[in-house]
Amino acid sequence: MNIHKQKKRDLIPTGGPIDPAEKKNFFFSGESDLYYPFFPSDFITDPFELCALLDLPRSLAASALSAAGRFPMKIPRSLLNRMEKGDPNDPILIQFLPRKEETLFHPGFSPDPLEEKKTADQNCILQKYQGRALILTTDRCAASCRYCFRRCLPKGKSLAALSRSVNSAQILQSIHDKDDLKEIILSGGDPCSLSDQALKILFHYIKTIPSVNRVRIHSRLPILVPSRINSSFCDLFRENFSSEKNFTFSVVFQINHPNEINSEVRSRLKDLHKTGILMMSQSVLLKGINDSPDILAELFEKLIDIPVVPYYLHQLDRVEGAAEFEVSTQKGLKIMEDLKKLLPGYAVPRYVREIPGEPCKKEIRE
């Protein structure tokens, strides 16, 4: 027997209530148990390989390599068949391919546009809004979205990273006894990059928080790598509804363009919907990608037909390196007016921006 591995495995509870004061580190049990078993070959990190596969010029790859800086390119291989070969402006490709425009200085853009460092509690817990707490579960994502508002934040501040050296229950202790806490939001990184076992353990812990009855997961990974929604993943939610304390579960998928929804994405999301959870979407308004009422109407109709409820259309968070994607709010408001003419009301999301220090997201109306 491998004693080292056995010792790590013993850190994971096998059932029964989890005592928040438990000395064991209930969450972190080694890399092999913590993360979903992707392989390095599942992702493309070399711009030259990407451009070769998509019949794009090598000069584009050289520019991408130079522009990537401290935010290297990462694209799931499963996303390639949704990109148009030979098109350097493909609306999926340009969400992930570094460009030289990222390196230019733009006034008003900063490394931490939402000032999350100021609101972080115990480094991985954000409590910006009444009754809700957001846990940065992991640093890992399935892709490096070039407009990501956390692209410049330092690594190592997630629950998964901190649990390597600090007791997991101690990290989460600050939220355990809060009477006004009703909802836990799992974010990151991408919480779906965690293994099913790690998610199950995290759900188990959250159920020990007396006041919490809702759990929301924000994820992009199942859209980019739909195979992540397998039977084991769906069972996590089915088990919830048969347990003594039931959560209201919701998943918010980040999705920006109708081409991201192929037959496999549609089929896998339908499977997840059968578990009884609420599925919603949020999109970022992005120049050259979806800044058109027709494109967004197609996206939201595809989502409703799954069914996924369009929840938010976000104004771009002004993070360093993402200025090329910014759409003016004037254009955004015109797009929203056109969407209301094209779609039923339940298919039109709220057009919002997040302002640091405000008690809620602000709907953009003028």
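**Ground rules**

I number residues from 1 along each chain as the sequence is written, and I use heavy atoms for side-chain values, leaving out hydrogens and water. As this is a predicted model, I ask for pLDDT of at least 70 for local features and 80 or more for side-chain atom pairs, while totals for chains, interfaces and linings use all residues.

**Overview**

I started with the secondary structure and got 13 helices and twelve strands in the protein chain. Next I looked up burial, where buried is under 20% relative accessible area, exposed is over 50%, and partly exposed is in between (1.4 Å probe, protein chains only). Of the 366 residues in the protein chain, 53% come out buried. For contacts (heavy atoms within 4.5 Å), I took those between residues at least 6 apart in sequence, and 79% of them join residues at least 24 apart.

**Rings**

How many aromatic pairs does a search of the whole structure find? I get eight. My rule pairs rings of Phe, Tyr and Trp (its six-membered ring) with centres within 6.5 Å; planes under 30 degrees apart are stacked, over 60 edge-to-face, and the rest tilted. I looked up Phe237 and Phe249: their ring centres are 5.0 Å apart and their planes stand at 90 degrees, so I note the pair as edge-to-face. This pair links distant parts of the chain, with Phe237 in helix 10 (residues 231-241) and Phe249 in strand 8 (residues 248-254), twelve residues apart. Both Phe237 and Phe249 are buried. I also see them in one aromatic cluster with Phe203 and Phe233.

Then I checked for charges over rings, meaning NZ of Lys or CZ of Arg within 6 Å of the ring centre and within 35 degrees of the ring normal. Arg140 has its charged end over the ring of Tyr35, 3.6 Å from the centre. Lys74 lies over the face of Phe43, at 4.6 Å from the ring centre.

**Salt bridges**

I counted a salt bridge wherever a side-chain nitrogen of Lys or Arg is within 4 Å of a carboxyl oxygen of Asp or Glu. That rule gives me 19.

I opened Lys331 and Asp291 and found their salt bridge at 3.1 Å, N to O. The two sit in distant parts of the chain, 40 residues apart: Lys331 is in helix 13, and Asp291 is in the loop between strand 9 (278-284) and helix 12 (293-304). Lys331 is partly exposed at 38% relative accessibility, whereas Asp291 is buried at 16%.

Asp271 and Lys274 also form a salt bridge, with the closest N and O atoms 3.9 Å apart. Here Asp271 is partly exposed at 31%, and Lys274 is exposed at 64%.

Glu326 meets Arg318 at 3.0 Å, N to O. I read 26% for Glu326, partly exposed, and 34% for Arg318, also partly exposed. Elsewhere I noted one network, in which salt bridges that share partners join Glu102, Arg146 and Arg151.

**Arg99**

A polar atom of its side chain lies 2.5 Å from the backbone oxygen of Pro88. Leaving aside neighbours within four places in sequence, I list Ala67, Pro88, Asn89, Ile94 and Glu324 as contacts of Arg99.

**Val348**

Val348 sits in the loop between helix 13 (329-342) and strand 11 (350-353), and I note it as buried at 16% relative accessibility. Not counting residues up to four places away, Val348 touches Met336, Leu339, Lys340 and Leu343.

Most residues other than glycine have a negative phi, and most peptide bonds are trans. I found a cis peptide bond from Ile306 to Pro307, with omega near 15 degrees. Pro307 is in the loop between helix 12 and strand 10 (309-314). Asp55 is not a glycine, yet I read a positive phi of about 55 degrees for it. Asp55 lies in the loop between helix 3 (47-53) and helix 4 (58-68) and is exposed at 53% relative accessibility.

How values were computed
Helix = DSSP H or I, 4+ residues; strand = E, 2+ residues; numbered from the N terminus. Polar contact = N/O pair within 3.5 Å; in protein donor to acceptor, adjacent residues only side chain to side chain.
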